[in-house]
Amino acid sequence: MLFDFSQLPPGEGYKLMVNTIVPRPIAWVVTKSEQGVVNAAPFSFFNAFSGHPPILGVSVGDSPRGPGDKDTLANIKAIGQFVVCLVSESTAHAMNVTATDMPPEVDELAEANLTAVPSALVKPPRIAESPVAIECETFQLVELGSNTLVLGKVLAMHVRDDCVLNAEKHYIDTPKLELIGRMHGRGWYAKTTDRLEIRRISLADWAANKGGG
Ligand SMILES: Cc1cc2nc3c(=O)[nH]c(=O)nc-3n(C[C@H](O)[C@H](O)[C@H](O)COP(=O)(O)O)c2cc1C
């Protein structure tokens, strides 16, 4: 079935996108307000976009409270810094607590019984229970209509010690992170324990084996 987006009522394309473009990694974004209140919320419109400079992107939608930004975006605009923590199986339920639309004065990490640890280079803390925390400064804000794409320059990354295979070579034991991704609907997630390996093919091997190898 073809869905022509120009014929869809406003916003309906969102449903088709979020229920097909899966699994999506989840950025658990920690920010701090000018008043010093710590905020955390998950965002699955998230990915890495450049290696050099190291840029990631998080897309924040309109606030469900009406006009005005979600607390995450308001804090990023005010402070210009944020921490992206990644979500493991063991932190999935706490992440879900922080997705609740709590008022700006509420410390969502405290509500979810999570531990805030000072970051190395930025003002917002990181979540101790998260196996990876990425300290960022705002690189660019791109207005997209219903969403604002926050492009962040990565300043530093914390990886839980037992998930580092070789610190000098920057090799990470990715499966050990046990990260989850967002699937369809409002409550479905995918684990990253069911994997398959597909080896890359050099042009020479492709040419040698094509047609019979
Ligand atoms: C797994 C998950 C992924 C989400 N992804 C997004 C997203 O990509 N963009 C967005 O605006 N909201 C997303 N949300 C909803 C926000 O987390 C939610 O609106 C939150 O209350 C925002 O918090 P804040 O006002 O403290 O920034 C997601 C929620 C969940 C549970």
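Residues are numbered from 1 along each chain as its sequence is written. Because the model is predicted, local features need pLDDT of at least 70 and side-chain atom pairs count only at pLDDT 80 or more, while totals for chains, interfaces and linings use all residues; side-chain values use heavy atoms, with hydrogens and water left out. Helices (DSSP runs of H or I, at least four residues) and strands (DSSP runs of E, at least two) are numbered from the N terminus.

An open sheet is formed by 3 strands in the order β1-β13-β14, with antiparallel pairing. Here two strands pair if DSSP finds at least two bridges between them. The edges of this sheet are β1 (24-25) and β14 (189-191); each has a single partner strand, so one side of each is left without a neighbour in the sheet. Strand β1 pairs with β13 (residues 180-182) in the antiparallel sense over 2 bridges, and Arg24 stands opposite Arg182 in β13.

Antiparallel pairing also joins β2 and β3, over 6 bridges. Lys32 stands opposite Val38 in β3. The hairpin of these two strands has 5 residues between them, and Gly36 in this hairpin takes a positive phi near 95°. In the following, buried means under 20% relative accessible area, exposed over 50%, and partly exposed in between (1.4 Å probe, protein chains only).

The interior was examined through nonpolar cores (sets of buried Ala, Val, Leu, Ile, Met, Phe, Trp, Tyr and Cys residues joined through side-chain atoms within 4.5 Å). In soluble globular proteins, nonpolar side chains tend to be buried together. The largest core has 21 residues, of which Val29, Phe46, Leu56, Val58, Phe82 and Val84 touch the most other members. Two or more residues are given to this core by each of β2 (27-32), β3, β5 (55-61), α2 (71-79), β6, β9 (132-143) and β10 (147-159). Another core, of 18 residues, lies apart from it and includes Met95, Leu109, Ile127 and Ala133.

Contacts (heavy atoms within 4.5 Å) were then considered. With neighbours within four places in sequence left aside, Phe46 is in contact with Pro25, Ile26, Ala27, Leu56, Gly57, Val58, Val84 and Leu86. In helix α2 the buried residues are Asp71, Thr72, Leu73, Asn75 and Ile76. The elements that cover them include β2, β3, β5, β6, β9 and β10. Gly80 follows α2 and has a positive phi, near 75°.

Ser88 lies in the loop between β6 (81-86) and α3 (92-98) and is buried, with a relative accessible area of 3%. A polar contact of 3.2 Å joins its side chain to that of Ser90. Such a contact is a pair of N or O atoms within 3.5 Å; within protein, one must be able to donate a hydrogen and the other to accept it, and residues adjacent in sequence count only if both atoms are side-chain atoms. Beyond its neighbours within four places in sequence, Ser88 is in contact with Pro131, Leu177, Glu178, Leu179 and Ile180. Asp161, in the loop between β10 and β11 (164-166), is exposed at 69% relative accessibility. Its C-alpha atom is separated by 8.7 Å from that of Pro131, although the two are 30 residues apart along the chain.

Aromatic rings of Phe, Tyr and Trp (its six-membered ring) pair if their centres lie within 6.5 Å; planes under 30 degrees apart count as stacked, over 60 as edge-to-face and the rest as tilted. The count by this rule is 1 aromatic pair. The ring centres of Tyr14 and Phe45 are 6.1 Å apart and the planes stand at 50°, so the pair is tilted. Since Tyr14 lies in helix α1 (residues 12-18) and Phe45 in the loop between β3 (38-43) and β4 (46-50), the pair ties together parts that are 31 residues apart in sequence. Tyr14 is partly exposed at 47% relative accessibility, as is Phe45 at 29%.

A disulfide is a pair of cysteine sulfur atoms within 2.5 Å, and the count by this rule is 0 disulfides. For Cys85, the nearest cysteine sulfur is that of Cys136, 9.8 Å away. The sulfur of Cys163 is 14 Å from the closest cysteine sulfur, in Cys85, which is too far for a bond. Cys85 is buried at a relative accessible area of 0%, and Cys163 also counts as buried, at 0% relative accessibility.
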